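Open your viewer and keep the selection tool at hand. We will go from stop to stop, and at each one you will hear what to select and what is there.

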Amino acid sequence: IIGQDFSRRFNYNFFNTEEMLLANANTYQIININTFESKIFHSTEIGGIGAIAIHPEKKIFAIAECGEFPNIYIYEFPSLKLYRILRKGTERGYTTINFNARGDMLASVGSDPDYNLLIWNWANESIILKAKAFSQEIFNVQFSSNIEGKLITSGLGHIKFWTMANTFTGLKLQGELGKFGQIDLSDVSAFVEYPDGKVLSGT
């Protein structure tokens, strides 16, 4: 399985040079890439696992599940002890999650029917901000590593740039769609941010 099919069917990330976290269907696994030894864990919800993320300090990781009002489970690493549970962020499942560079916030995006973009104070198990991300499936969410309070989401027919903005009524998420210009509308399956804030996207 290559390209976009791989990215949609498998979630993976690395704890270190030897161990990786991978999720597929209703399991997540911690695999030693040198010895190929693996520890396999099953999802808690009936709908399987939607997304995973590893904290920047590599001491915790998040498993976002699917089901009826599913949870995001935060585990310690390497002890694998359950540390926090984030509740009521979406109706049916999560498609993508991401920690910010400082590690104090977690962004999550829900699937159909709500497509909610949430910013969590995961340590307090509380929601900081909430907005509808888009009206179709979102593949990726990522905090900017260069600009505080900025995020990017992408998916079916769009890429969107978000700001956590202070307004007269308090802190809010404000999003602007990227324009395709004369290029045909496209699904954005992946993107990368440059140090100057420019974003390169792939279809």
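Which residue forms a salt bridge with Arg-87? Select Glu-125 together with Arg-87: these two form the salt bridge, and their closest N and O atoms are 4.0 Å apart. The pair links distant parts of the chain, with Glu-125 in the loop between β11 and β12 (126-132) and Arg-87 in the loop between β8 and β9, 38 residues apart. A salt bridge here is a side-chain nitrogen of Lys or Arg within 4 Å of a carboxyl oxygen of Asp or Glu.

Before you move on, two notes on what you are looking at. This is a predicted model, in which local features need pLDDT of at least 70 and side-chain atom pairs count only at pLDDT 80 or more, while totals for chains, interfaces and linings use all residues. Residues are numbered from 1 along each chain as its sequence is written, and side-chain values use heavy atoms, with hydrogens and water left out.

**Stop 1**

Glu-125 counts as partly exposed because its relative accessibility is 35%, and Arg-87 counts as partly exposed because its value is 46%. Buried means under 20% relative accessible area, exposed means over 50%, and partly exposed lies in between (1.4 Å probe, protein chains only).

A search of the whole structure finds four salt bridges. Side chains of opposite charge can pair when their charged atoms come close.

Now select Arg-102 and Asp-104, whose side chains meet in a salt bridge at 3.3 Å, N to O. Asp-104 is partly exposed, with a relative accessible area of 33%, whereas Arg-102 is exposed at 55%. Glu-148 is exposed, with a relative accessible area of 57%. Salt bridges with shared partners join Arg-102, Asp-104 and Glu-148 into one network.

**Stop 2: the largest pocket**

Which residues lie nearest the centre of the largest pocket? Select Asn-11, Thr-96, Ile-97, Phe-139 and Asn-140, which hold that place among the 40 residues of the lining. Elements that give two or more residues to this lining include α1 (3-9), β1, β9 (94-99) and β13 (138-143). The helices (H or I, at least four residues) and strands (E, at least two) are DSSP runs, numbered from the N terminus.

The pocket holds about 1,000 Å³ of space. Its lining divides into 21 nonpolar, 16 polar and three charged residues.

**Stop 3: the second largest pocket**

Next, select Lys-150, Leu-151, Phe-161, Trp-162 and Thr-163, the residues nearest the centre of the second largest pocket, which has a lining of 15 residues. Strands β14 (150-155), β15 (158-167) and β16 (170-177) each supply at least two of the lining residues. About 230 Å³ of space lies in this pocket, and its lining comprises seven nonpolar, four polar and four charged residues.

For both stops, a pocket is an open set of points on a 1 Å grid over the protein atoms alone, where a 1.4 Å probe fits, with protein on both sides within 12 Å along at least five of seven lines; lining residues have an atom within 4 Å of a point.

**Stop 4: backbone details**

Most residues other than glycine have a negative phi, and most peptide bonds are trans. Select Phe-77 and Pro-78, which are joined by a cis peptide bond with omega of about 10 degrees. Pro-78 is in the loop between β7 (72-76) and β8 (82-86).

Then go to Asp-112 and Pro-113, where the peptide bond is also cis, with omega near 10 degrees. Pro-113 lies in the loop between β10 (106-110) and β11 (116-121). Tyr-115 lies in the loop between β10 and β11, and has a positive phi of about 50 degrees although it is not a glycine.

Is Tyr-115 buried or exposed? Tyr-115 counts as buried because its relative accessibility is 11%.

Finish at Phe-36, in the loop between β3 (27-32) and β4 (38-42). Phi of Phe-36 is near 65 degrees, a positive value, and Phe-36 counts as exposed at 67% relative accessibility.

Notes:
Grid points are joined across faces, edges and corners, and a volume is the space filled by probe spheres set on the points. Ala, Val, Leu, Ile, Met, Phe, Trp, Tyr, Cys and Pro count as nonpolar, Asp, Glu, Lys and Arg as charged, and the others, Gly among them, as polar.
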